Amino acid sequence: MAATDFPAEISALRSTLGTITAVSNPDALRAKVVELSAQASAPDLWDDTDKAQAVTSALSHAQSELDKLASFEQRLDDLETLVEMAVEESDEETLADAESELLGLRKDLGALEVRTLLAGEYDERDAVVTIRAGAGGVDAADFAEMLMRMYLRWAERHGYPASVLDTSYAEEAGLKSATFEIKAPYAFGTLSVEAGTHRLVRISPFDNQGRRQTSFAAVEVVPLIEGTDHIDIPENEIKVDVFRSSGPGGQSVNTTDSAVRLTHLPTGTVVSMQNEKSQIQNRAAALRVLQSRLLLLRKAEEKATQKELAGDIKASWGDQMRSYVLQPYQMVKDLRTEHEVGNPAAVFDGDIDGFIEAGIRWRRGQSA
(Lines give C-alpha, C1' and ligand atoms only; values in the text may rest on other atoms or scores of the structure.)
Protein backbone atom coordinates (compact mmCIF):
# COMPACT_ATOMS: atom_id res chain seq x y z
CA MET A 1 0.00 0.00 0.00
CA ALA A 2 1.47 3.35 -1.03
CA ALA A 3 2.42 5.78 1.72
CA THR A 4 0.14 8.78 2.14
CA ASP A 5 1.47 11.97 0.55
CA PHE A 6 0.66 14.15 3.57
CA PRO A 7 1.98 17.47 2.16
CA ALA A 8 -0.18 17.13 -0.96
CA GLU A 9 -3.22 16.00 1.03
CA ILE A 10 -2.89 18.84 3.54
CA SER A 11 -2.36 21.35 0.74
CA ALA A 12 -5.56 20.14 -0.95
CA LEU A 13 -7.49 20.44 2.31
CA ARG A 14 -6.16 23.97 2.85
CA SER A 15 -7.35 24.86 -0.63
CA THR A 16 -10.81 23.47 0.14
CA LEU A 17 -10.90 25.35 3.43
CA GLY A 18 -9.86 28.52 1.59
CA THR A 19 -12.81 28.17 -0.78
CA ILE A 20 -15.19 27.53 2.10
CA THR A 21 -13.80 30.51 4.03
CA ALA A 22 -14.22 32.81 1.02
CA VAL A 23 -17.86 31.77 0.64
CA SER A 24 -18.53 31.99 4.39
CA ASN A 25 -17.04 35.53 4.56
CA PRO A 26 -15.63 35.66 8.12
CA ASP A 27 -15.52 39.47 8.12
CA ALA A 28 -19.27 39.62 7.48
CA LEU A 29 -19.83 36.96 10.15
CA ARG A 30 -17.83 38.98 12.70
CA ALA A 31 -19.81 42.10 11.89
CA LYS A 32 -23.01 40.10 12.28
CA VAL A 33 -21.87 38.77 15.68
CA VAL A 34 -21.20 42.35 16.88
CA GLU A 35 -24.61 43.52 15.69
CA LEU A 36 -26.50 40.56 17.14
CA SER A 37 -24.58 40.76 20.43
CA ALA A 38 -25.74 44.35 20.79
CA GLN A 39 -29.34 43.29 20.15
CA ALA A 40 -29.03 40.36 22.56
CA SER A 41 -27.84 42.64 25.37
CA ALA A 42 -30.83 44.99 25.04
CA PRO A 43 -32.77 45.07 28.34
CA ASP A 44 -36.14 44.75 26.61
CA LEU A 45 -35.09 41.85 24.34
CA TRP A 46 -37.34 39.26 25.99
CA ASP A 47 -40.40 41.46 25.85
CA ASP A 48 -40.88 39.84 22.44
CA THR A 49 -40.11 36.14 22.94
CA ASP A 50 -40.17 35.20 19.24
CA LYS A 51 -37.79 38.03 18.34
CA ALA A 52 -35.50 37.18 21.27
CA GLN A 53 -35.28 33.54 20.23
CA ALA A 54 -34.55 34.54 16.63
CA VAL A 55 -31.77 36.92 17.73
CA THR A 56 -30.10 34.47 20.12
CA SER A 57 -30.37 31.63 17.59
CA ALA A 58 -28.82 33.76 14.82
CA LEU A 59 -26.05 34.89 17.18
CA SER A 60 -25.28 31.31 18.21
CA HIS A 61 -25.17 30.20 14.57
CA ALA A 62 -22.90 33.05 13.42
CA GLN A 63 -20.47 32.47 16.29
CA SER A 64 -20.55 28.72 15.65
CA GLU A 65 -19.63 29.27 11.99
CA LEU A 66 -16.65 31.43 12.98
CA ASP A 67 -15.52 28.91 15.59
CA LYS A 68 -15.84 26.09 13.06
CA LEU A 69 -13.58 27.84 10.52
CA ALA A 70 -10.98 28.62 13.21
CA SER A 71 -11.16 25.02 14.41
CA PHE A 72 -10.35 23.65 10.94
CA GLU A 73 -7.37 26.01 10.63
CA GLN A 74 -6.08 24.74 13.96
CA ARG A 75 -6.68 21.09 13.07
CA LEU A 76 -4.69 21.47 9.84
CA ASP A 77 -1.82 23.15 11.70
CA ASP A 78 -1.86 20.39 14.32
CA LEU A 79 -1.89 17.71 11.60
CA GLU A 80 1.19 19.22 9.96
CA THR A 81 2.99 19.21 13.30
CA LEU A 82 1.94 15.61 13.96
CA VAL A 83 3.25 14.48 10.57
CA GLU A 84 6.58 16.27 11.10
CA MET A 85 7.02 14.57 14.48
CA ALA A 86 6.15 11.16 13.07
CA VAL A 87 8.61 11.51 10.16
CA GLU A 88 11.45 12.86 12.31
CA GLU A 89 11.07 10.07 14.87
CA SER A 90 10.04 7.35 12.40
CA ASP A 91 7.06 6.72 14.66
CA GLU A 92 4.56 4.43 12.92
CA GLU A 93 1.97 4.81 15.67
CA THR A 94 1.98 8.61 15.40
CA LEU A 95 1.84 8.30 11.61
CA ALA A 96 -1.26 6.12 11.99
CA ASP A 97 -2.81 8.80 14.21
CA ALA A 98 -2.05 11.38 11.51
CA GLU A 99 -3.68 9.16 8.89
CA SER A 100 -6.80 8.86 11.05
CA GLU A 101 -6.98 12.64 11.59
CA LEU A 102 -6.50 13.22 7.85
CA LEU A 103 -9.50 11.01 7.09
CA GLY A 104 -11.55 12.81 9.74
CA LEU A 105 -10.62 16.22 8.35
CA ARG A 106 -11.45 15.16 4.83
CA LYS A 107 -14.90 13.96 5.90
CA ASP A 108 -15.68 17.00 8.09
CA LEU A 109 -14.52 19.48 5.47
CA GLY A 110 -16.57 17.67 2.84
CA ALA A 111 -19.69 18.10 4.97
CA LEU A 112 -18.90 21.78 5.53
CA GLU A 113 -18.28 22.25 1.81
CA VAL A 114 -21.80 21.01 1.08
CA ARG A 115 -23.16 23.94 3.13
CA THR A 116 -21.48 26.36 0.71
CA LEU A 117 -23.60 24.88 -2.09
CA LEU A 118 -26.76 26.15 -0.37
CA ALA A 119 -27.06 29.56 -1.99
CA GLY A 120 -30.75 29.59 -2.92
CA GLU A 121 -32.96 32.54 -2.01
CA TYR A 122 -34.67 30.70 0.85
CA ASP A 123 -32.02 28.09 1.73
CA GLU A 124 -31.18 29.74 5.07
CA ARG A 125 -34.76 29.42 6.32
CA ASP A 126 -36.36 27.02 8.76
CA ALA A 127 -38.23 24.19 7.05
CA VAL A 128 -41.86 23.11 7.10
CA VAL A 129 -42.15 19.45 6.07
CA THR A 130 -45.39 17.74 5.10
CA ILE A 131 -45.65 13.99 4.53
CA ARG A 132 -48.70 12.42 2.85
CA ALA A 133 -49.53 8.75 2.43
CA GLY A 134 -49.87 7.77 -1.21
CA ALA A 135 -50.80 4.55 -2.98
CA GLY A 136 -50.58 1.42 -0.87
CA GLY A 137 -53.42 1.60 1.62
CA VAL A 138 -52.57 1.00 5.27
CA ASP A 139 -48.93 0.25 4.37
CA ALA A 140 -48.62 3.71 2.83
CA ALA A 141 -50.05 5.30 5.99
CA ASP A 142 -47.58 3.32 8.11
CA PHE A 143 -44.76 4.35 5.75
CA ALA A 144 -45.73 8.02 6.13
CA GLU A 145 -45.38 7.67 9.90
CA MET A 146 -42.00 5.92 9.47
CA LEU A 147 -40.78 8.83 7.33
CA MET A 148 -41.95 11.42 9.86
CA ARG A 149 -40.05 9.61 12.60
CA MET A 150 -36.99 9.41 10.33
CA TYR A 151 -36.87 13.18 9.84
CA LEU A 152 -37.61 13.95 13.49
CA ARG A 153 -34.81 11.57 14.54
CA TRP A 154 -32.48 13.30 12.04
CA ALA A 155 -33.33 16.64 13.64
CA GLU A 156 -32.78 15.19 17.11
CA ARG A 157 -29.37 13.80 16.11
CA HIS A 158 -28.29 17.31 15.07
CA GLY A 159 -29.87 19.07 18.02
CA TYR A 160 -32.38 20.91 15.83
CA PRO A 161 -35.67 21.91 17.50
CA ALA A 162 -38.66 20.31 15.79
CA SER A 163 -42.37 20.65 16.46
CA VAL A 164 -45.30 18.75 14.98
CA LEU A 165 -47.91 21.21 13.70
CA ASP A 166 -50.62 18.87 12.46
CA THR A 167 -51.33 15.16 12.16
CA SER A 168 -54.16 13.33 10.43
CA TYR A 169 -54.24 9.73 11.60
CA ALA A 170 -55.30 6.84 9.38
CA GLU A 171 -58.05 4.52 10.61
CA GLU A 172 -56.05 1.30 11.02
CA ALA A 173 -52.45 2.50 11.50
CA GLY A 174 -50.08 5.27 10.54
CA LEU A 175 -50.82 8.70 9.16
CA LYS A 176 -52.80 10.14 6.30
CA SER A 177 -50.62 13.24 6.57
CA ALA A 178 -48.42 15.16 9.00
CA THR A 179 -46.82 18.59 9.02
CA PHE A 180 -43.87 19.54 11.21
CA GLU A 181 -41.41 22.39 11.48
CA ILE A 182 -37.63 22.08 11.86
CA LYS A 183 -35.85 25.17 13.14
CA ALA A 184 -32.20 25.32 12.16
CA PRO A 185 -30.01 27.48 9.93
CA TYR A 186 -30.30 26.21 6.34
CA ALA A 187 -32.96 23.67 7.31
CA PHE A 188 -34.95 24.38 4.13
CA GLY A 189 -31.93 24.30 1.81
CA THR A 190 -30.75 21.08 3.45
CA LEU A 191 -34.05 19.22 3.49
CA SER A 192 -35.41 20.52 0.19
CA VAL A 193 -33.57 17.71 -1.64
CA GLU A 194 -35.77 15.26 0.30
CA ALA A 195 -38.90 16.51 -1.45
CA GLY A 196 -40.50 14.00 -3.79
CA THR A 197 -42.08 10.55 -3.85
CA HIS A 198 -40.57 7.87 -1.61
CA ARG A 199 -41.23 4.16 -2.17
CA LEU A 200 -41.23 1.31 0.36
CA VAL A 201 -41.00 -2.39 -0.56
CA ARG A 202 -41.48 -4.92 2.25
CA ILE A 203 -43.47 -7.88 3.53
CA SER A 204 -46.61 -6.16 4.76
CA PRO A 205 -47.20 -6.56 8.51
CA PHE A 206 -50.88 -5.87 7.75
CA ASP A 207 -51.27 -8.72 5.25
CA ASN A 208 -52.19 -12.01 6.96
CA GLN A 209 -50.84 -13.87 3.91
CA GLY A 210 -47.38 -12.29 4.30
CA ARG A 211 -47.22 -10.88 0.80
CA ARG A 212 -44.77 -8.28 -0.41
CA GLN A 213 -46.26 -4.80 -0.65
CA THR A 214 -45.09 -1.66 -2.44
CA SER A 215 -46.32 1.63 -1.00
CA PHE A 216 -45.65 5.30 -1.57
CA ALA A 217 -45.50 8.54 0.41
CA ALA A 218 -44.97 12.12 -0.73
CA VAL A 219 -42.63 14.53 1.06
CA GLU A 220 -43.11 18.27 0.64
CA VAL A 221 -40.59 20.81 2.01
CA VAL A 222 -41.24 24.55 2.06
CA PRO A 223 -39.31 27.43 3.66
CA LEU A 224 -40.88 29.00 6.72
CA ILE A 225 -42.33 32.39 5.90
CA GLU A 226 -40.87 35.49 7.51
CA GLY A 227 -42.52 38.81 8.17
CA THR A 228 -40.33 40.51 5.57
CA ASP A 229 -41.65 38.32 2.73
CA HIS A 230 -44.95 40.23 2.45
CA ILE A 231 -47.09 37.44 1.05
CA ASP A 232 -50.48 39.14 1.35
CA ILE A 233 -53.53 36.92 1.01
CA PRO A 234 -56.88 38.72 0.72
CA GLU A 235 -59.44 37.50 3.26
CA ASN A 236 -61.94 36.74 0.49
CA GLU A 237 -59.47 34.20 -0.96
CA ILE A 238 -59.37 32.13 2.24
CA LYS A 239 -62.06 29.71 3.45
CA VAL A 240 -61.80 29.04 7.20
CA ASP A 241 -63.17 25.87 8.84
CA VAL A 242 -62.91 25.09 12.56
CA PHE A 243 -63.24 21.68 14.15
CA ARG A 244 -62.22 19.71 17.22
CA SER A 245 -58.68 18.39 17.49
CA SER A 246 -58.41 14.62 17.68
CA GLY A 247 -55.80 11.99 18.31
CA PRO A 248 -55.31 8.38 17.15
CA GLY A 249 -58.55 6.48 16.65
CA GLY A 250 -60.61 9.63 16.63
CA GLN A 251 -60.44 10.03 20.41
CA SER A 252 -61.19 13.65 21.32
CA VAL A 253 -58.27 15.46 22.90
CA ASN A 254 -60.00 18.83 22.95
CA THR A 255 -63.45 19.92 24.04
CA THR A 256 -63.56 23.10 21.94
CA ASP A 257 -63.40 23.79 18.20
CA SER A 258 -59.77 24.93 18.33
CA ALA A 259 -58.41 23.19 15.22
CA VAL A 260 -58.37 25.29 12.07
CA ARG A 261 -58.38 24.45 8.36
CA LEU A 262 -57.53 27.16 5.83
CA THR A 263 -58.29 26.70 2.12
CA HIS A 264 -56.75 29.09 -0.40
CA LEU A 265 -59.55 29.24 -2.95
CA PRO A 266 -57.54 30.34 -6.05
CA THR A 267 -55.02 27.50 -5.77
CA GLY A 268 -56.90 24.91 -3.70
CA THR A 269 -54.05 24.80 -1.17
CA VAL A 270 -55.27 23.43 2.17
CA VAL A 271 -53.54 23.77 5.56
CA SER A 272 -54.79 22.27 8.82
CA MET A 273 -53.44 23.08 12.27
CA GLN A 274 -54.33 21.60 15.66
CA ASN A 275 -51.11 21.72 17.64
CA GLU A 276 -51.97 24.84 19.69
CA LYS A 277 -54.69 25.04 22.33
CA SER A 278 -56.52 28.08 21.01
CA GLN A 279 -58.22 28.69 17.69
CA ILE A 280 -56.42 32.02 17.34
CA GLN A 281 -52.98 30.38 17.73
CA ASN A 282 -53.85 27.60 15.29
CA ARG A 283 -55.14 30.09 12.73
CA ALA A 284 -51.94 32.16 12.98
CA ALA A 285 -49.78 29.04 12.61
CA ALA A 286 -51.87 27.77 9.68
CA LEU A 287 -51.61 31.15 7.95
CA ARG A 288 -47.80 31.07 8.23
CA VAL A 289 -47.64 27.63 6.63
CA LEU A 290 -50.12 28.66 3.92
CA GLN A 291 -48.01 31.72 3.14
CA SER A 292 -44.91 29.49 2.98
CA ARG A 293 -46.55 27.14 0.49
CA LEU A 294 -47.82 29.98 -1.67
CA LEU A 295 -44.35 31.53 -1.62
CA LEU A 296 -42.84 28.27 -2.89
CA LEU A 297 -45.65 27.93 -5.44
CA ARG A 298 -44.85 31.38 -6.78
CA LYS A 299 -41.16 30.48 -7.14
CA ALA A 300 -42.10 27.19 -8.84
CA GLU A 301 -44.27 29.05 -11.36
CA GLU A 302 -41.42 31.43 -12.11
CA LYS A 303 -39.04 28.51 -12.58
CA ALA A 304 -41.56 26.68 -14.80
CA THR A 305 -41.80 29.75 -17.03
CA GLN A 306 -38.00 29.91 -17.31
CA LYS A 307 -37.86 26.18 -18.06
CA GLU A 308 -40.51 26.50 -20.77
CA LEU A 309 -38.56 29.28 -22.46
CA ALA A 310 -35.30 27.30 -22.30
CA GLY A 311 -36.85 24.01 -23.40
CA ASP A 312 -36.87 20.78 -21.36
CA ILE A 313 -34.18 18.47 -22.69
CA LYS A 314 -33.68 16.34 -19.56
CA ALA A 315 -35.22 12.91 -19.12
CA SER A 316 -37.71 12.35 -16.30
CA TRP A 317 -36.70 10.22 -13.32
CA GLY A 318 -40.24 8.88 -12.92
CA ASP A 319 -42.38 9.14 -9.80
CA GLN A 320 -40.16 7.93 -6.99
CA MET A 321 -36.87 9.58 -6.09
CA ARG A 322 -35.86 7.06 -3.42
CA SER A 323 -36.59 3.41 -2.72
CA TYR A 324 -36.50 1.74 0.69
CA VAL A 325 -36.33 -2.01 0.14
CA LEU A 326 -36.71 -4.38 3.10
CA GLN A 327 -37.58 -7.51 1.13
CA PRO A 328 -36.18 -9.55 -0.67
CA TYR A 329 -32.96 -7.67 0.21
CA GLN A 330 -32.02 -4.72 2.44
CA MET A 331 -31.17 -1.47 0.67
CA VAL A 332 -32.06 2.21 0.48
CA LYS A 333 -31.20 3.83 -2.84
CA ASP A 334 -31.66 7.35 -4.17
CA LEU A 335 -32.52 7.06 -7.84
CA ARG A 336 -31.21 10.55 -8.71
CA THR A 337 -27.77 10.39 -7.11
CA GLU A 338 -27.26 6.58 -7.07
CA HIS A 339 -26.28 6.93 -3.40
CA GLU A 340 -27.25 3.76 -1.54
CA VAL A 341 -26.76 2.02 1.80
CA GLY A 342 -27.48 -1.51 2.94
CA ASN A 343 -28.85 -0.65 6.38
CA PRO A 344 -32.46 0.59 6.15
CA ALA A 345 -32.87 0.41 9.94
CA ALA A 346 -30.19 3.08 10.41
CA VAL A 347 -31.76 5.24 7.71
CA PHE A 348 -35.19 5.06 9.32
CA ASP A 349 -33.49 6.00 12.60
CA GLY A 350 -32.42 9.32 11.07
CA ASP A 351 -29.06 8.48 9.50
CA ILE A 352 -29.75 10.31 6.23
CA ASP A 353 -26.87 12.81 6.02
CA GLY A 354 -25.22 10.82 3.22
CA PHE A 355 -28.39 11.03 1.11
CA ILE A 356 -28.82 14.73 1.83
CA GLU A 357 -25.21 15.61 0.97
CA ALA A 358 -25.35 13.56 -2.23
CA GLY A 359 -28.64 15.24 -3.13
CA ILE A 360 -27.26 18.75 -2.62
CA ARG A 361 -24.21 17.99 -4.78
CA TRP A 362 -26.43 16.38 -7.44
CA ARG A 363 -28.74 19.39 -7.52
CA ARG A 364 -25.82 21.76 -7.95
CA GLY A 365 -24.56 19.61 -10.84
CA GLN A 366 -28.01 19.72 -12.49
CA SER A 367 -28.09 23.51 -12.36
CA ALA A 368 -24.48 24.02 -13.50
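Predicted model: local features only at pLDDT ≥ 70, side-chain atom pairs only at ≥ 80, totals over all residues.

Trainee: Which residues have the most contacts inside the largest nonpolar core?

Mentor: A nonpolar core is a set of buried Ala, Val, Leu, Ile, Met, Phe, Trp, Tyr and Cys residues joined through side-chain atoms within 4.5 Å. Buried means under 20% relative accessible area, exposed over 50%, and partly exposed in between, with a 1.4 Å probe and protein chains only. Here the largest nonpolar core has 56 residues, and those with the most contacts inside it are Ile131, Leu147, Met150, Tyr151, Leu191, Tyr324 and Phe348. Helix H5 (residues 137-158) gives the most to this core, namely nine residues. Apart from this core lies another, of 15 residues, including Leu13, Ile20, Ala98 and Leu112.

Trainee: How many helices and strands does the protein chain have?

Mentor: Helices (H or I, at least four residues) and strands (E, at least two) are DSSP runs, numbered from the N terminus. The protein chain has nine helices and eleven strands. Of its 368 residues, 38% are buried.

Trainee: Which residues does methionine 150 touch?

Mentor: Contact means heavy atoms within 4.5 Å. Leaving aside residues up to four places away in sequence, methionine 150 touches Glu194, Tyr324, Val347, Phe348, Gly350 and Ile352.

Trainee: At what angle do helix H2 and helix H3 pack?

Mentor: Two packed helices are described by the angle between their axes and the distance between the axes. Axes are lines fitted to C-alpha atoms, for helices over the stretch in contact, and angles run from 0 to 180 degrees between N-to-C directions. Helix H2 (residues 26-40) and helix H3 (residues 49-89) pack at about 145 degrees, with their axes 9 Å apart. Among the residues that make the contact are Leu29, Val33 and Leu36 of H2, and Leu59, Ala62 and Leu66 of H3.

Trainee: How many salt bridges are found in the whole structure?

Mentor: Side chains of opposite charge can pair when their charged atoms come close. A salt bridge is a side-chain nitrogen of Lys or Arg within 4 Å of a carboxyl oxygen of Asp or Glu. A search of the whole structure finds 26 salt bridges. In one of them, the side chains of glutamate 65 and arginine 115 meet at 3.8 Å, N to O. Glutamate 65 lies in helix H3 and arginine 115 in helix H4 (residues 92-115), so this pair ties together parts that are 50 residues apart in sequence. Glutamate 65 counts as buried, at 12% relative accessibility, whereas arginine 115 is partly exposed at 22%.

Trainee: Where do arginine 149 and aspartate 349 lie?

Mentor: Arginine 149 is in helix H5, and aspartate 349 is in the loop between helix H8 (344-348) and helix H9 (353-367), 200 residues apart. Their side chains meet in a salt bridge (3.2 Å, N to O). Arginine 149 is partly exposed, with a relative accessibility of 44%, and aspartate 349 is partly exposed at 24%. Both residues belong to a network of salt bridges that also links Arg153, Glu156 and Arg157.

Key: Residues numbered from 1 in each chain as written. Heavy atoms only, no water.
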